[in-house]
Amino acid sequence: MPSALSPEPLLRVRGLNAGFDAGPVLFGIDLEVAPDELIALVGANGAGKSTLLGVLSGLVRATSGTITFGGEDVTNARPEALVRRGIAHVPQGRRLFGTMSVEKNLLLGAYLRRDREVSDDMTRVLDHFPALKDKLSREAGTLSGGEQQMVAIGRGLMARPKLLMLDELSLGLAPKVVDRLIEVVQQINRGGTALLLVEQDVLVALDVANRAYVLENGRIALSGGAAEVRDDPGVRKAYLGT
Amino acid sequence: MTSRGPLKRADLPLAGEVRQPQLELQNVTKRFGGVAAVDGVSLAVGKGEIVGIIGPNGAGKTTLLNCISGVYRLDGGDIRWEGASIAGRAPYRVARLGIGRTFQIVRPFGSMTVRENAAIGALFGSSRARRGPREAFAIADEVLELVGLKEKAAHPVATLTIPDRKRLEVARAVATRPHLLLLDEVMAGLNNVEVDEALVMVRAVHATGVTVVLIEHVMRVIVGICDRAVVLESGRVLAEGEPEVVLRDERVIQAYLGERYAKRLKS
């Protein structure tokens, strides 16, 4: 339970192990996200970043360890229960329903909600992404890559999450579009939503994050302030190529 | 068909020779409904060049690749390969002329091994002579070595990481023995170090005498490997030239790179 002396982080992962039939992927992961933080999760392809997001959104089972969210144990809770509690996952490659309209894709993010503020959140999403305003009736699959990523993030926001997890924001997007999306991500964070950002463009991620975790072969190899991680010689050599 | 080694002296243009482009796009146009996705693009690619195509999402880059590889029929203009028109040819015929390509979304045969996947390219993409399995596997082995997947030849593709899946996609295309390779974002989703490793692979393929046209949003690729960059915007060529020059072009920064990125490039 939260206490005044040691404030409980929004998300706390302790000793997490997880994997697939083919074998274990994550080993003893410890990770925390405070309610207002923007956290970067960095690592090579195959390090286990997407698997970790999968465990956090209930798509991949934890074999041991604990996950607490808002002070409650949510280890191996079902995906819909985690969405209800406030964890939204924007998956790699966007995974929109291509033949459905942009508006329906966005509304699907609010599928579980019964409150009356869904339309307020729709307005908020369109304020973040004005480019979508006149495309609400378009089939999502006909949008450009950048616009599709906006819909994917917007769909995540429609769940009104406390923690938004973004997997590969910049994948296949023009540099200018990435800039714009990163600005919106910062806005969302300033609005009080915690963010967990998985990003191959490590410089971009470390540029905007408060703290960062470096995942190597399924283990947290390094964590700390974003600037500190960026200046780490090992990180520079392994991910930045400088 | 014999395997080709590194570029030989005889392949290079002689002094004073009028060099015919290997691939020439003349006013190529492709419309979807009322929208011209590719709108009068003219472009020449010389043998042995590495040309990078960049531009905003939705600018028509992949559509242009689909026009070249015969996936789309042109609504206007012509595409010439070694001097002869190939507009309107079916994709498999374009492949057999020596134009190989990769796809942005890789779709390997999931239940097959890496080696079997590469052999598919050799079996079905070949020109004239039909290859038997024995020859196809020999080509697969050679190509897997070239792209750096030799050690994983016997692995099922399901176990490959993203960078390795991209390598396999390149291997399948190279196994068709192309003279020109069209690469559609094979470095998306790679970090800088993985990009550098992929560049080594592209250079290795190029060194066997293959012309390369690639689409990328990763400027490390454009600057690191391309002789020339072509910027598409709204289906048209916005700028073209040496990568370093093109990426400093104010119009390109405006339309594509954005201010933050332009600053990063300068520093």
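Which residue just after H6(A) takes a positive phi? A:Gly192 does, at about 105°. Helices (H or I, at least four residues) and strands (E, at least two) are DSSP runs, numbered from the N terminus.

Before I go on, this is a predicted model: local features need pLDDT of at least 70, side-chain atom pairs count only at pLDDT 80 or more, and totals for chains, interfaces and linings use all residues. Residues are numbered from 1 along each chain as its sequence is written, and chains are lettered from A and ligands numbered from 1 in the order in which they are written.

Staying with H6 of chain A, residues 175-190: its 16 residues should span 22 Å at 1.5 Å a residue, and the end C-alpha atoms are 23 Å apart, which agrees. The expected span is 1.5 Å times one less than the number of residues. Buried residues in H6(A) include A:Val178, A:Leu181, A:Ile182 and A:Val185. Buried means that 20 or more other C-beta atoms lie within 10 Å of the residue's own, with C-beta atoms placed from the backbone. An α-helix has 3.6 residues a turn, so residues three or four places apart point the same way.

Now chain B. The domain assignment, which is automatic or from a database, gives domain 1 as 22-98 + 178-267 and domain 2 as 108-177. Their C-alpha centres lie 24 Å apart.

How do H5(B), residues 162-174, and H6(B), residues 192-206, pack? The angle is about 10° and the axes are 11 Å apart, with axes fitted to C-alpha atoms over the stretch in contact and angles run from 0 to 180 degrees between N-to-C directions. The two helices are therefore roughly parallel, a label for angles under 35 degrees. Among the residues that meet are B:Val170 and B:Val174 from H5(B), and B:Ala198 and B:Met201 from H6(B).

Last, the chain interface. Here 23 residues of chain B are in contact with 22 of chain A. H5, H6, H9 (250-257) and H10 (259-266) of chain B each supply at least two residues to the chain B side. H6(B) gives the most to this side as well, with 4 residues.

Notes. Angles under 35 degrees count as roughly parallel, over 145 as roughly antiparallel, 65 to 115 as roughly perpendicular and the rest as oblique. Two residues are in contact if their C-beta atoms, placed from the backbone, lie within 7 Å. A residue is buried if 20 or more other C-beta atoms lie within 10 Å of its own, exposed if 12 or fewer, and partly exposed in between; C-beta atoms are placed from the backbone.
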